[in-house]
Amino acid sequence: MAGKKIKADRARKLEKEMLTCTLCGFCKSVCPYFEDNQWDPSVARGKVILAYGLARGEIPADESVVKRLYQCTTCKDCERRCPSNIQVVDIVEAVRADIVEAGCGLDAHTKIKENVKKTGNPYGESAKVDFGWPIKEAEVGYFVGCTARYRLPEIARHTISILKKLEVDFTMVEEVCCGSTLGRTGQDEKLASELMRTNFEAVKRLGVKTLIFTCAGCLRMFRKEYPKHLELGFEALHLTEFLARRKLEFKPFKKRIAYHDPCHMGRHLKVYDDPRKILKMIPESTYVELKDSKDSAKCCGGGGGVRSADPNAAQRIASRRVKAASDVADILVTACPFCVTNLRFGNDLIKVDVEIRDIAEIVDDLLIE
Ligand code: SF4
Ligand code: SF4
């Protein structure tokens, strides 16, 4: 594909920031994509240079440039290491939106957008999923998210069961996709803002004051993106943040448990302590901290549209995280269905002896009523 010069209005607004890249290469030491393919254009500084070239109209948006700019899971680990404090994810997402607007985006992500348009979810599922809990007026709401609803419904069932055991008066929400997959891949900002408004109105009409999430991506949207457009008037909490405020009692569980920080909950929102606090309450278990954890946690490899556009890379990146966990733990627990699916996908490649579970499943299995 020859490619064409594109307008790149969004990227141009970040040109000054791009120019603060000193090409020092500190970002190389942490980037999961660079670890996977060792190609400089795949690391943060390479993407910044490509984005700058597009913004200045100096290079065309040809196949190789577009491919490299989508080799990013939006994990934010490079930003932590960057001495110039460059907001790499903002640059990547801005230039992706420019690429899509110019009609040069990737087919895998166009398909996701079409699915969302048609069905309200990125998987294109049209069947209604009924979790047997009503939509009603209540101060607490549960936003399931598309991955738990259509791919790992057991996470939603366990969450509902936990809330019932704790006698929380809660409601489900008449939800559509939170818009995260569109935002991360640069698709259709108008559609994303319509989704935000639809979800916002669905929550507001139920009188919800606290909205609970089990998906890190959805939570990040409601905490970071929704407030840019809407005055929410309710708090958005991950299930673990909601549970950590309560007194919980668990059955004993003689296992070594490690926790994987989802990037969108960890580095993006700084929620590190509450999931650990809960796991450490489990009697007779041993909590093991992974070598790369909290703000330096390795990415699962699935985010930022990578799982759909480059599944082999997503799988290899996940397999390294799973291997690290299997060396020290019996169970790798995380707090996001998307991480669960990608880590399991990673383990399909290496087949090591470690169970990968969502924290809602563990909590529900062990919680004493
Ligand atoms: S760490 Fe920051 S300044 Fe250094 S090369 Fe990477 S993006 Fe550029
Ligand atoms: S956000 Fe993550 S995947 Fe993207 S360039 Fe930075 S370290 Fe690499």
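Which handedness does the β-α-β unit of S5, helix H15 and S6 have?

## The unit around S5

In this predicted model, S5, helix H15 (residues 273-280) and S6 form a β-α-β unit that is right-handed; with the strands pointing away from the viewer, the path from the first strand over the helix to the second runs clockwise. Helices (H or I, at least four residues) and strands (E, at least two) are DSSP runs, numbered from the N terminus.

Strand S5 (residues 256-259) pairs with strand S6 (residues 286-288) in the parallel sense over 3 bridges, where pairing requires at least two DSSP bridges between the strands. Ile257 has Tyr287 of S6 as its bridge partner. S5 also runs parallel to strand S7 (residues 331-334), again through 3 bridges, and Leu332 of S7 lies opposite Ala258.

## Domains and their contact

An automatic or database domain assignment divides the chain into domain 1 (9-105), domain 2 (140-244) and domain 3 (256-366). The centres of domain 1 and domain 3, taken over C-alpha atoms, are 26 Å apart. Their contact (C-beta atoms, placed from the backbone, within 7 Å) involves 12 residues from domain 1 and 16 residues from domain 3.

On the domain 1 side, helix H3 (32-37) and helix H6 (77-81) are the elements giving two or more residues; H3 has the largest share, 3 residues. This side has 5 nonpolar, 3 polar and 4 charged residues. Ala, Val, Leu, Ile, Met, Phe, Trp, Tyr, Cys and Pro count as nonpolar, Asp, Glu, Lys and Arg as charged, and the others, Gly among them, as polar.

## Basis

Residues are numbered from 1 along each chain as its sequence is written, while chains are lettered from A and ligands numbered from 1 in the order in which they are written. Local features need pLDDT of at least 70 and side-chain atom pairs count only at pLDDT 80 or more, whereas totals for chains, interfaces and linings use all residues.

Key. Contact = placed C-beta atoms within 7 Å.
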